[in-house]
Amino acid sequence: MAKVRTKFFLTCIVVMTLGLSVKNIFSQDISPKQMVMESKPQNTFFVELAGQGLAFTVNGDFRFSGTMNNMGVRAGIGYINVGKESITTIPLGLNYIMGKNGKYFELGIGATFISGDIFNSSNQSGLFTLGTMFFGYRSQPLDGGFNFRAGITALFRTASEDSFFIPYYPGISFGYTFD
């Protein structure tokens, strides 16, 4: 079990690193003049309660280009201990935000990797994945500072005996945005 968890966490670190690399590659396509005109705070770090991370997670969100109305990637990690049971969650996903003046509608799709036994009906600890779809509101100032997100996440799992679909799982987050 320890080897599986180690591989799981190493895989997640590699995925997060690749996401940041992709962000840097896409950012280089913007001309210097466009960067001056369109540059907005692109890095957002936030804590999320419920939502794509299930309970409590610490996350980063990064835009692929210099404007706010575009694709981005988010990654996080969380841990929950309930009695004798505990889970570690790693939400990863792509999102698209659209709006203006610091008020945005956000759409996202991704997966939450889980190490634990909370959703496992066979009562065995293990690794499994939940699919996620996020629909919500984001308040993110153009000049950086405090940000807020609230929305609904659809959670689903299609494993044979442990399949489920939760269409309305709320989430809220608070964080900080900077260049």
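The pLDDT is the predictor's confidence in each residue, on a scale from 0 to 100. I begin with that term as the model before us is a predicted one, in which local features need a pLDDT of at least 70, side-chain atom pairs count only at pLDDT 80 or more, and totals for chains, interfaces and linings use all residues. Residues are numbered from 1 along each chain as its sequence is written, and side-chain values use heavy atoms, with hydrogens and water left out.

The chain has a mean pLDDT of 79, and 72% of its residues reach 70 or more. Over residues 18-38 the pLDDT stays under 50, and there the model has 16 contacts beyond four places in sequence; a contact here means heavy atoms within 4.5 Å. Residues 1-5 also stay under 50, with four contacts beyond four places in sequence.

Next, the overall architecture. The chain contains two helices and eight strands, in the order α-α-β-β-β-β-β-β-β-β along the sequence. These elements are DSSP runs numbered from the N terminus: helices are H or I of at least four residues, and strands are E of at least two. Of the 179 residues, 43% count as buried, where buried means under 20% relative accessible area, exposed means over 50%, and partly exposed lies in between, with a 1.4 Å probe and protein chains only. The chain exposes about 9600 Å², and carbon and sulfur atoms supply 67% of that area; the areas come from the Shrake-Rupley method with a 1.4 Å probe, and for residues only the protein chains shown count as cover. Among contacts between residues at least 6 apart in sequence, 52% join residues at least 24 apart.

I now move to the strand pairing. Two strands are said to pair if DSSP finds at least two bridges between them. Asn 101 counts as exposed, because its relative accessibility is 59%.

Strand 5 (residues 103-116) is in turn joined to strand 6 (residues 126-139) by 14 bridges, again antiparallel. Here Glu 106 is partnered with Gly 136 of strand 6, and Leu 107 with Phe 135. Strand 6 then pairs with strand 7 (residues 145-157) in the antiparallel sense over nine bridges, and Arg 138 has Arg 149 of strand 7 as its bridge partner. Five residues lie between the strands in this hairpin, where Gly 144 takes a positive phi near 90°.

Several individual residues deserve attention.

Thr 153 lies in strand 7 and is buried, with a relative accessible area of 0%. The C-alpha atoms of Thr 153 and Gly 136 are separated by 8.4 Å, although the two residues are 17 apart along the chain. Beyond four places in sequence, Thr 153 touches residues including Gly 51, Phe 134 and Tyr 168.

Is Ser 173 buried or exposed? Ser 173, in strand 8 (residues 164-178), counts as buried because its relative accessibility is 0%. Its contacts beyond four places in sequence are Phe 46, Val 47, Glu 48, Asn 147, Phe 148 and Arg 149.

Finally, the interior. A nonpolar core is a set of buried Ala, Val, Leu, Ile, Met, Phe, Trp, Tyr and Cys residues joined through side-chain atoms within 4.5 Å. The largest one has eight residues: Leu 54, Ala 55, Ile 80, Ile 87, Ile 114, Phe 128, Leu 130 and Leu 155. Among them, Leu 54 sits in the loop between strand 1 (43-50) and strand 2 (56-63) and has a phi near 80°, a positive value in a residue other than glycine. Leu 54 counts as buried because its relative accessibility is 7%. Leu 155 touches Leu 54, and its contacts beyond four places in sequence also include Phe 164, Phe 165 and Ile 166.
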